[in-house]
Amino acid sequence: MKFLLSLKRFNHSVGVSETALRLAERYGHQDPMLEIAALLHDCGRMVPDLEIVEFAQRRHIPISPDIAMAGERLYHSEVGVYVAKTHFLIEHPTVTEAIRYHTTGKPGLSDSSKIIYIADVIEPSRSFKEVNGIREQADKGLCVGLKAACQRKLQFVLQSGDFIHPLSIAFWNSLCS
Ligand SMILES: [Fe+2]
Ligand SMILES: [Fe+2]
């Protein structure tokens, strides 16, 4: 990962894995693949945004119409699944699911993917205004932390005026039921 990513993104990945391990301990969740999944969650970022559409096309990486609608920012999930397989020889379902859904979420995620979704939002290098509030919610429990993290992500996409992936909305609704 150090060779593939910028130092900032590498530090983010380490921050996500350390945060994920801490949360897992707090929630009493055990999964031997959690740390690897968290470290690799952004491996698709090895491809610069400006090149990622062509990268996916050339390698026949399946990109859904919804991901294409959302633009380059969501490509790194599917490209990440490809990179984990080709560069790291990892196709373990825990890892694949965490990489594929760490940006959108989806109803029925595994606890490992849920933990990585939260850790991605609150790892130590994150410094947006509401981050400490979400960190406090995450310390209270997995469901509360997940809802706070998802709410923040949806607010961010709405404020940016960008397309919201249908899975993100379905994920939010599943957290409200
Ligand atoms: Fe990401
Ligand atoms: Fe990330």
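In which helix does leucine 34 lie? Leucine 34 belongs to helix α2, which spans residues 34–40; helices (H or I, at least four residues) are DSSP runs, numbered from the N terminus. The model is predicted, and local features need pLDDT of at least 70, side-chain atom pairs count only at pLDDT 80 or more, and totals for chains, interfaces and linings use all residues. Residues are numbered from 1 along each chain as its sequence is written, while chains are lettered from A and ligands numbered from 1 in the order in which they are written.

Leucine 34 counts as buried because 25 C-beta neighbours lie inside 10 Å. A residue is buried if 20 or more other C-beta atoms lie within 10 Å of its own, exposed if 12 or fewer, and partly exposed in between, with C-beta atoms placed from the backbone. When residues up to four places away in sequence are not counted, leucine 34 touches Ala20, Leu21, Ala24, Ser112 and Ile115; two residues are in contact if their C-beta atoms, placed from the backbone, lie within 7 Å. Between leucine 34 and aspartate 120, which are 86 residues apart along the chain, the C-alpha separation is 13 Å.

The largest nonpolar core has 38 residues. Such a core is a set of buried Ala, Val, Leu, Ile, Met, Phe, Trp, Tyr and Cys residues joined through C-beta atoms within 7 Å. The members that touch the most others are Ala20, Ala38, Ile115, Ile116, Ile118, Ala119 and Ala149. Helix α7 (residues 111–122) gives the most to this core, contributing 7 residues. Alanine 38 is in contact with Val16, Ser17, Ala20, Ile116 and Ala119, leaving aside its neighbours within four places in sequence.

Helix α5 (residues 72–88) and helix α6 (residues 93–101) have axes that come within 7 Å and cross at roughly 155 degrees. Axes are lines fitted to C-alpha atoms, for helices over the stretch in contact, and angles run from 0 to 180 degrees between N-to-C directions. The helices α5 and α6 are therefore roughly antiparallel to each other, given that angles under 35 degrees count as roughly parallel, over 145 as roughly antiparallel, 65 to 115 as roughly perpendicular and the rest as oblique. The crossing of α5 past α6 is right-handed; a crossing is left-handed if the near helix is turned anticlockwise from the far one by less than a right angle, and right-handed if clockwise. On the α5 side, Ser77, Glu78, Gly80, Val81 and Ala84 meet Val95, Thr96, Ile99 and Arg100 of α6. This contact has 4 nonpolar, 3 polar and 2 charged residues, where Ala, Val, Leu, Ile, Met, Phe, Trp, Tyr, Cys and Pro count as nonpolar, Asp, Glu, Lys and Arg as charged, and the others, Gly among them, as polar.

Helix α5 also packs with helix α3 (residues 49–58), at an angle of about 50 degrees and with the axes 9 Å apart. The two are therefore oblique to each other, and their crossing is left-handed. Asp49, Ile52, Val53, Phe55 and Ala56 of α3 make the contact with Glu72, Tyr75, His76, Glu78 and Val79 of α5. By class, there are 6 nonpolar, 1 polar and 3 charged residues in the contact of α3 with α5.

Ile134, Gln137, Ala138 and Lys140 of α8 meet Val144, Gly145, Ala148, Ala149 and Arg152 of α9. The contact of α8 with α9 has 5 nonpolar, 2 polar and 2 charged residues.

Aspartate 42, in the loop between α2 and α3, is buried, with 24 other C-beta atoms within 10 Å. Beyond its neighbours within four places in sequence, aspartate 42 is in contact with Arg9, His12, Ser13, His76 and Gly80. Arginine 9 is in helix α1 (residues 7–27) and is partly exposed, with 15 other C-beta atoms within 10 Å.

Most residues other than glycine have a negative phi. Histidine 60, in the loop between α3 and α4 (65–70), has a positive phi near 55 degrees and counts as exposed, with 8 C-beta neighbours inside 10 Å. Leucine 89, in the loop between α5 and α6, has a positive phi of about 55 degrees and is exposed, with 7 other C-beta atoms within 10 Å.
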